[in-house]
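These are my notebook entries on a single structure. I set down what I looked up, one topic at a time.

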Amino acid sequence: MTIAAGKPSMGELQEREHGVGHDYAKGSPHIRHHTVRDRLIGDLHALVHEVIDRNGQCRVVELGAGHGTFTDHLLAAGAQITVTEMSEPSAHLLRHRFQHNPNVTVIHDKDGTAACTAGPFDAVVCISVLHHIPDYLTTVKQLVENTVPGGAFFSAQDPLWYPRRSPLSLGLDRGAYFLWRLGQGHLRRGIATRLRRIRGVYDDMNEADMVEYHVVRNGVDEEALQGLLAPAFAKLEVQRYWSTQSGFMQAVGERVCPPSTFSLVARERRSA
Ligand SMILES: C[S@@+](CC[C@H](N)C(=O)[O-])C[C@H]1O[C@@H](n2cnc3c(N)ncnc32)[C@H](O)[C@@H]1O
């Protein structure tokens, strides 16, 4: 789906949803729940160390860094980082946060193309961001072209491709989300969004529909990503896990629910 002329750009929609004072932790299982967050942080440290061992340095591009929750961990692991943000208020905050750190460069990437040409990089990191990008396969392809031999690609916290999931899996996922939403306020917006989705109607003027782009597009196709990355990297691993906003449903779901979300790591970029 493309957004017609006269409609807000994806950058404007991202900015409305991730504006001044946006709380990135509130709706983010990978920040809120220690089981998900600790694994993610461990994976990032391992990745940076491995790339430094192989390439002698680790120049990372981190797409859609939000307020830099994971930038801190990449830095602690020893990376030099270019962070991109489509939301100007978030880019502004990142610039302020890291203004004295020579190892961080911040780019306000208005249309999502700057990251693809800013390299070369030793590693690409996308955390909870691919599902916001309409043509994520093209973006990933361009990022990989800008990754040097020995480098890596890492993404996490994207919803598994809906058409391969069972009705039970989708139902548990949506039910858990709805329960959490009940306790959050914004109930009217939640119900209106839900009704539009049940009717299959998506409003390209409305950030509630367009920013969470995976609902327009049925999740993120982890197998298409694997197919794209496999020729370029010697090692590839996909991890499927349950994640949801509510702490209670996270704890229960980790034991009994089918996976809803995936992370992916590709290692040892081959020579072109
Ligand atoms: C769900 S938030 C995740 C933020 C951060 N990675 C985290 O996990 O805390 C997604 C972020 O990606 C940004 N974004 C969306 N599409 C983008 C793109 N093509 N390039 C750069 N940033 C993008 C949004 O503005 C938003 O801040």
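**Entry 1: helix α8.** I began with α8, in which Leu-172, Asp-173 and Ala-176 are buried. I call a residue buried if 20 or more other C-beta atoms lie within 10 Å of its own, exposed if 12 or fewer, and partly exposed in between, with C-beta atoms placed from the backbone. Seen down the axis of α8, its buried residues fall within an arc of 95°, so they line one face of the helix; the arc is that of the directions from the helix axis to the C-beta atoms. On the face turned away from the buried side I found the exposed residues Pro-167, Gly-171 and Leu-182. The cover over the buried residues of α8 includes α13 (247-256).

I then checked the length of α8 (residues 167-182): at 1.5 Å a residue, its 16 residues should span 22 Å, and its end C-alpha atoms are 22 Å apart, which agrees. The expected span is 1.5 Å times one less than the number of residues.

**Entry 2: the model and its conventions.** This is a predicted model: local features need pLDDT of at least 70, side-chain atom pairs count only at pLDDT 80 or more, and totals for chains, interfaces and linings use all residues. Residues are numbered from 1 along each chain as its sequence is written.

I noted 13 helices and 7 strands in the protein. Helices (H or I, at least four residues) and strands (E, at least two) are DSSP runs, numbered from the N terminus. Buried residues make up 38% of the 272 residues.

Entry 3: I found 5 of the 5 residues of β1 buried. Arg-59, Val-61 and Leu-63 lie on one side, and Val-60 and Glu-62 on the other. In a regular strand the side chains alternate between the two faces of the sheet.

β1 runs parallel to strand β2 (residues 80-85), joined by 4 bridges; I count strands as paired if DSSP finds at least two bridges between them. Arg-59 stands opposite Gln-80 in β2. β1 (residues 59-63) also pairs with β4 in the parallel sense, over 4 bridges. There Val-60 stands opposite Ala-123, and Leu-63 stands opposite Cys-126.

**Entry 4: strand β4 and the step to β5.** In β4 (residues 121-127), 7 of the 7 residues are buried. β4 and strand β5 (residues 147-159) pair in the parallel sense over 6 bridges, and Cys-126 stands opposite Ser-155 in β5. From β4 the chain passes through helix α7 (residues 136-145) to β5 in a right-handed β-α-β crossover. Right-handed is used if, with the strands pointing away from the viewer, the path from the first strand over the helix to the second runs clockwise.

**Entry 5: the nonpolar cores.** Which residues touch the most other members of the largest nonpolar core? Among its 49 residues, they are Val-60, Ala-123, Val-124 and Phe-154. A nonpolar core is a set of buried Ala, Val, Leu, Ile, Met, Phe, Trp, Tyr and Cys residues joined through C-beta atoms within 7 Å. Apart from it lies another core, of 6 residues, including Leu-172 and Trp-242.

**Entry 6: Val-265.** Val-265 lies in strand β7 (residues 261-269). It is buried, because 22 other C-beta atoms lie within 10 Å. Leaving out residues up to four places away in sequence, I found Val-265 touching Asp-43, Leu-47, Ala-152, Phe-154 and Glu-237; contact requires C-beta atoms, placed from the backbone, within 7 Å.

Note on methods
Contact = placed C-beta atoms within 7 Å.
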